[in-house]
Amino acid sequence: MTYYQKRRLYRRIYRIGLIIFCLVLALGAFIKPELPVVEVAELPPAQATSAADSTTDESGLADAIANAHPTCSLTTLRYLSDVVKPRTLFCAQVEVWALYIDGEMHLAVENEAIANRIIEHLTTYQGTATEVIDVALEQTVEFQKTNIPVDQFKGYADFDSVVQYVENGGIEVVTYTIVKGDTLSGIAFDNDSTVERLIADNPYLKDKKYLTIGDQLVINRPEPLVTQYVTVIESRTEVIEPSEEYVDDNALYVGEQKLVAQGTPGEKYLVEQVVYRNGRAVDRTVRSEEILLEATSDVYQRGVKPLPPQLAQSTLIRPVTAYRVTSRFGPRKHLGYHYGIDLKMPIGTPVHAAEAGTVKTAAYRGGYGNLVVISHGNGLETYYAHNSKLLVSAGQYVEKGQDISLSGNSGRSTGPHLHFEIKLNGVSVNPEKYLPF
Ligand SMILES: [Zn+2]
């Protein structure tokens, strides 16, 4: 072979090689669609032939496929037959690590390492307590290696999107009743929502300029799909409130009392076992308690002298118009003597002066909370306690019926109410002697 013959031969070989290489590339691209297909299972030839040949309608074909390959769907099959080889039956599946919550499949991740990281994240305590007793999930959460048909495959989820999905994928529907002082943005903030979402959930809000107290809102609050319970040991110091002591005093009328010694709060060190449900404490059990500083009691002198005769009929009016009586004047079962009448109403209800007079007190006063006292002359005083806001100040003259405060829940109070008390010459008397309630 001459040099030129050799060169021609090599060139020919090179060209043929190039053509074959290109053909292989093209064919590879053609028969390998861009799918993460890890398993292409050909149906047994006999079944494939019978399915393809003996069937003229789609439902017959679907039945044949279902019998031959239960995990393969008609869509998968048709999709692949278009791409690979018309009228040949294939079943294409993708291998995934699927997230199951209580047996229901949710998302798919690509490999076991990501699956393990997610499980570890969900079962790890994220707080600051030093001693963790237990971390448990309410639901059965697991990843399983499984094959799914390509047409059902929506792509692999990454670590962050799975965690985000598990922590916010559920919806808890709650009803909220609007109270005084509420704003849409405040309600949204408290419920992990937004103003836009609140309006979407409650379309009637769109046309409203103001919120109406007492209206109910529907709130769709994002909720974790998986409930994590964490039990930890925590320690903290807690204030001990002063208790009350009473000393009978013959010089004071029944109903009258005087604080003679102000107690001081104490402090104790608590070790508690706390159970958190998705980060919120739901149970606390005291394991040990150590008093660091004892509290001292508030000491009151309590009147035992019989009451003087009642004043003549007065012209007092009720301090509020809409209320429910929750406690009347007189002895109570466990709470000691009650020196007034308790009227339950929503926080923020305007309170009126029962009679014209001069404001003696408009300030925070211990158990009374935000208190207004009005002197009406002739030894008659009215008390309005537990207010949320005071609208008058000491020394001010008020008309009968004038707004003096907004009701509340301040001081020693177990719920929103107005404590209304009438004193005659320093002695508390039954308000129902003056006014029907
Ligand atoms: Zn009361």
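Trainee: Let me start with a detail: which residue in E11 is the bridge partner of Ser235?
Mentor: That is Val271. Keep in mind as we go that this is a predicted model.

Trainee: How do the two strands there pair, parallel or antiparallel?
Mentor: Strand E8, residues 228–240, and strand E11, residues 266–277, are antiparallel, with 12 bridges between them.

Trainee: What sheet are those strands part of, and in which order do its strands come?
Mentor: An open sheet of four strands, ordered E4-E8-E11-E12 with antiparallel pairing. At its edges are strand E4 (131–137) and strand E12 (280–293); each has a single partner strand, so one side of each has no neighbour in the sheet. From one strand to the next, the twist averages 25°.

Trainee: Let me zoom out. How many helices and strands does the chain have?
Mentor: Eight helices and 26 strands. The chain has 437 residues, and 20% of them are buried. If you take contacts between residues at least 6 apart in sequence, 69% join residues at least 24 apart.

Trainee: Now E13. What pairs with E13 in the parallel sense?
Mentor: Strand E9 (residues 244–253) does, over seven bridges with strand E13 (residues 298–305). Asp249 has Gly303 of E13 as its bridge partner. Strand E10 (residues 257–261) also joins E13, but that pair runs antiparallel, with four bridges. There, Gln257 is opposite Arg302 of E13.

Trainee: Switching to helices: at what angle do H5 and H6 pack?
Mentor: About 40°, and the axes of helix H5 (residues 112–122) and helix H6 (residues 159–168) are 10 Å apart. The crossing of H5 past H6 is right-handed.

Trainee: Which residues make that contact?
Mentor: From H5 you have Ile114, Arg117, Ile118, His121 and Leu122, and from H6 there are Phe159, Val162, Val163 and Val166. Sorted by class, the contact of H5 with H6 has seven nonpolar residues, one polar and one charged.

Trainee: Next, the largest nonpolar core. Which residues touch the most other members?
Mentor: Leu371, Val372, Tyr383, Tyr384 and Phe420, out of 20 residues in that core. At least two core residues come from each of strand E17 (341–344), strand E20 (370–377), strand E21 (380–387) and strand E25 (417–424). E20 gives the most, four residues.

Trainee: Take Tyr383. What does Tyr383 touch, leaving out residues up to four places away in sequence?
Mentor: Gly340, Leu371, Val373, Phe420, Glu421 and Lys423. There is also a second, separate core of 14 residues, which includes Val94, Ile118, Val150 and Ala157.

Trainee: Back to E20. How many residues sit between E19 and E20 in their hairpin?
Mentor: Five, and Gly366 in that turn has a positive phi of about 50°. Strand E19 (residues 357–364) and E20 run antiparallel, joined by six bridges, and Thr358 is opposite Ser375 of E20. On to the next hairpin: E20 and E21 have two residues between them, and Asn378 in the turn has a positive phi of about 55°. E20 and E21 pair in the antiparallel sense over six bridges, and Ser375 has Glu381 of E21 as its bridge partner.

Trainee: Is His386 buried or exposed?
Mentor: His386 is buried, because 25 other C-beta atoms are within 10 Å and the cut-off for buried is 20 or more. His386 is in strand E21, and its phi is positive, near 70°. Most residues other than glycine have a negative phi.

Trainee: And what is the phi of Asn425?
Mentor: About 50°, again a positive value in a residue that is not a glycine. Asn425 is in the loop between E25 and strand E26 (427–429). With 14 other C-beta atoms within 10 Å, Asn425 counts as partly exposed.

Key: Residues are numbered from 1 along each chain as its sequence is written. This is a predicted model: local features need pLDDT of at least 70, side-chain atom pairs count only at pLDDT 80 or more; totals for chains, interfaces and linings use all residues. A nonpolar core is a set of buried Ala, Val, Leu, Ile, Met, Phe, Trp, Tyr and Cys residues joined through C-beta atoms within 7 Å. A residue is buried if 20 or more other C-beta atoms lie within 10 Å of its own, exposed if 12 or fewer, and partly exposed in between; C-beta atoms are placed from the backbone. Two residues are in contact if their C-beta atoms, placed from the backbone, lie within 7 Å. Two strands pair if DSSP finds at least two bridges between them. Axes are lines fitted to C-alpha atoms, for helices over the stretch in contact, and angles run from 0 to 180 degrees between N-to-C directions. A crossing is left-handed if the near helix is turned anticlockwise from the far one by less than a right angle, and right-handed if clockwise. Ala, Val, Leu, Ile, Met, Phe, Trp, Tyr, Cys and Pro count as nonpolar, Asp, Glu, Lys and Arg as charged, and the others, Gly among them, as polar.
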